[in-house]
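Here is a short briefing on two contact surfaces. Have the structure open as you read.

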2 protein chains.
Amino acid sequence: MAWCVLSLSAASAQPSNPIEVDLLLTGGTVITMDRAARVITNGAVAVDGAGIVAVGSAAEVASAITALEIVDTSGRIVLPGFVNTHTHAPMVMFRGLADDVALKEWLEQYIFPAEAKTVTPEFVRVASALAVLEMIRSGTTTFVDMYYFEEVIAEVVAEAGLRAVLGQTVIQFPAPDAARPADALARADAFIQAWAGHERITPAVAPHAMHTLDEATLVLVRDLAMRHDVPILIHLAETEDELRIAQERYGRTPTSYLESIGFWGPSVLAAHGVWLSEVDIDILRRRGVGVSHNPESNMKLASGSAPVPEYLAAGVDVGLGTDGAASNNDLDMFEAMRFASLLHKLQRRDPKAVSAQASLQMATIGGARAIGLESEIGSIELGKRADLIVVSMAAARQTPMYDPISHLVYATRGDDVIMTIVHGRILMRDGRVLSLDEPAVLAAARRLAAEVSEAVR
Amino acid sequence: MAWCVLSLSAASAQPSNPIEVDLLLTGGTVITMDRAARVITNGAVAVDGAGIVAVGSAAEVASAITALEIVDTSGRIVLPGFVNTHTHAPMVMFRGLADDVALKEWLEQYIFPAEAKTVTPEFVRVASALAVLEMIRSGTTTFVDMYYFEEVIAEVVAEAGLRAVLGQTVIQFPAPDAARPADALARADAFIQAWAGHERITPAVAPHAMHTLDEATLVLVRDLAMRHDVPILIHLAETEDELRIAQERYGRTPTSYLESIGFWGPSVLAAHGVWLSEVDIDILRRRGVGVSHNPESNMKLASGSAPVPEYLAAGVDVGLGTDGAASNNDLDMFEAMRFASLLHKLQRRDPKAVSAQASLQMATIGGARAIGLESEIGSIELGKRADLIVVSMAAARQTPMYDPISHLVYATRGDDVIMTIVHGRILMRDGRVLSLDEPAVLAAARRLAAEVSEAVR
């Protein structure tokens, strides 16, 4: 069915000729996350092809539209799918492999050896299928990834139906998919060209961090991204260590150093952004850099607490992320919202800091803005892509419900998502994932886990 | 069937005469939380009457025991049910009623007016059934409660099959169930006498806090508790405000003030314990006072971060709690564990602070010790009560599994509990609650919610 954008009021004028579309979700509470933050009780969303063609009250939409499939969402919440702005998807295979250890030990005794010994294209294929499965189940419709063999992740994502921004990693040290940074750059170049123009996949380049790359390589990455007009994904000031290294090497903060080499621009997404000064925040604001906030990872690895209220006050676009499952330990964006709100209330000693609404915003439209996709995703609006989730509110722990947004952030989990739609395609219905063979994905992951155990023994 | 404690090695000597018991859980990973922190892969737990009569490897137990009912727990985790050491159970009715507001506004504009207008015995009956339902679903087998009309909560708990320590509130101000503190004391006295000796319910008295009671009443509460030999439950130094008030009124910290009036003793459980000095912690240690740590509530209300690593280092018994659902917003002890571990890693800037094992300990045996029930509950050991839960580990977000304890704390939720057993009785089986009419409980709560909405309008 053709892509069409329907002006509902025009259509309403001709109730005798309802337009037939592919899918109608009707009767639920629609949380639009549009600029007016409209919440429509007994609302409806109509989908045709890959796009949203009507949003309004159930009655209003019903008068203008018929659909091939009608889904009753009464008692449920319909909202834009989550944008997880920072993942290392295949690291779900390292979930729980090493917790409660110091960062250096975690990296050097567990993660790096495990990666060196196990990360192959086949590992990435099995692992990213598991990650994609978990994301579909918990309502993430777009994720922003930094890892190795991103071309394999792209194949898995293309098939499973999610939307993603996939950044091929460039790092100074030998990596599982590139012996030298020059090889990684060449891989990134080829990857970007191979996936340019895909309807759901945005290829990108992911320089690991300012302290794990030399200046020449950082500049080459920047040039590559500009040449192809693709996003750059980078870790920024995640740890106090990075701050110390930047001071020692360059006499500057990581943010200020990257500014000095002309690295920043609106197509850059900085992950973590924990150790930034006011001046640093102003650099990000002026350069239009987006930030990915990862509260659980920052807490679990004891990295620190990002200045999120300051980012929001300054007008920096902030999205939420889970980080890799090795440091979270899941990919659940409901938890990311809950942790974001609770963390900053405590840090600011202010129960009003980072409200439920603010966290939900970061998890949806804020994330879309941070990665430059706000014209396509992040809210339920006419003309945007149909990336939608339907959430059950029936559990005892969600009863009673006075405020749906409070409940989404403070009382709901990924498992409450019962329907996930991306680009108009239903990927999960009634809690059953349609675009992946779930038992096969889980079985393959369990087999692979034996190899990982062996690698860190 | 009679209560019996089986010595497994003695029984093993006579394999030809296996003893018949009521229930056998076999094939799962048994996390005992005993002193040796034994984790038994392919383990078994046998239950007869209300008690645990065998714990060991599946083969070992099978050689000695037959059971009327055998439950295959392969691929699942069997662990002691959680001890939620701080709740206001009926406050589930205020879940999400007022979030993201300052504490004073939260209390004075929402919670107090809602309580004054709606809290009746009937309210407490409907609300505590909802709370008990949520706790059975999420694996809590014992909870420690402070509220009004505790005699109604006791009736609900007695019928629904949970175990609880129920503290009748005494507060200086007019309360829903007592106009004056003297009335509250009389209510507490009658409540304690009515429920003394119940096999699952321990009646207690709950003086609200040192700053909401005068000295005479605090001493009368202490005398009442000693006369009946029952626990005392009190909020302690939850907010910096309480610290300030104590300094202004008595020139002491709240802990030191209560020490000065002879309030402390091993039967006291102090909830929150956020604002304590080293000297205060030493008072609690010397007096054998238990502490209930409520990380989510402390974060959400921006109260502060309790010195949990210091408590544990000092040897103070610390349990975990959720607090009331108005400030959490659920009663899920898996979340309490996750928040406890992540919060203190961040606060101490040490990823080793409060490990998964430490949080699981606080949520089970630590909580049992804090409330003085460690000889009956908190671990899977011969002779203890059969308060057990079975947890599914099958979800994508729990795959793969390298370490079951990491997964319980960092990747599991209340909804993963598939079986809950208290005092040998199965309260939930295959995710279906048997001891409450779930649809009726939810429907009654939803009807009551309309009254609550009206009360704060």
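How many residues does the contact take from chain B and from chain A? It takes 50 residues from chain B and 50 residues from chain A. The model is predicted.

**Chain B side of the contact with chain A**

- Five helices of chain B each supply at least two residues to the side that touches chain A: H4 (121-137), H11 (295-300), H13 (333-348), H15 (404-410) and H16 (438-455).
- H16(B) provides the largest share of this side, with five residues.
- By class, the chain B side that touches chain A holds 24 nonpolar residues, 18 charged residues and eight polar residues.

**Domains of chain A**

- Chain A splits into domain 1 (8-80 + 380-432) and domain 2 (82-370).
- Domain 1 of chain A is written as two segments, 8-80 and 380-432.
- The C-alpha centres of domain 1 and domain 2 of chain A are 30 Å apart.

**Contact between the domains of chain A**

- In chain A, 19 residues of domain 1 are in contact with 23 residues of domain 2.
- On the domain 1 side that touches domain 2, helix H15 (404-410), strand S15 (417-422) and strand S16 (425-429) of chain A each supply at least two residues.
- H15(A) gives the most to this domain 1 side, with five residues.
- The domain 1 side of chain A that touches domain 2 of chain A comprises eleven nonpolar, five polar and three charged residues.

Key
Residues numbered from 1 in each chain as written. Chains lettered and ligands numbered in written order. Predicted model: local features only at pLDDT ≥ 70, side-chain atom pairs only at ≥ 80, totals over all residues. Contact = placed C-beta atoms within 7 Å. Helix = DSSP H or I, 4+ residues; strand = E, 2+ residues; numbered from the N terminus. Nonpolar A, V, L, I, M, F, W, Y, C, P; charged D, E, K, R; others polar. Domains from an automatic or database assignment.
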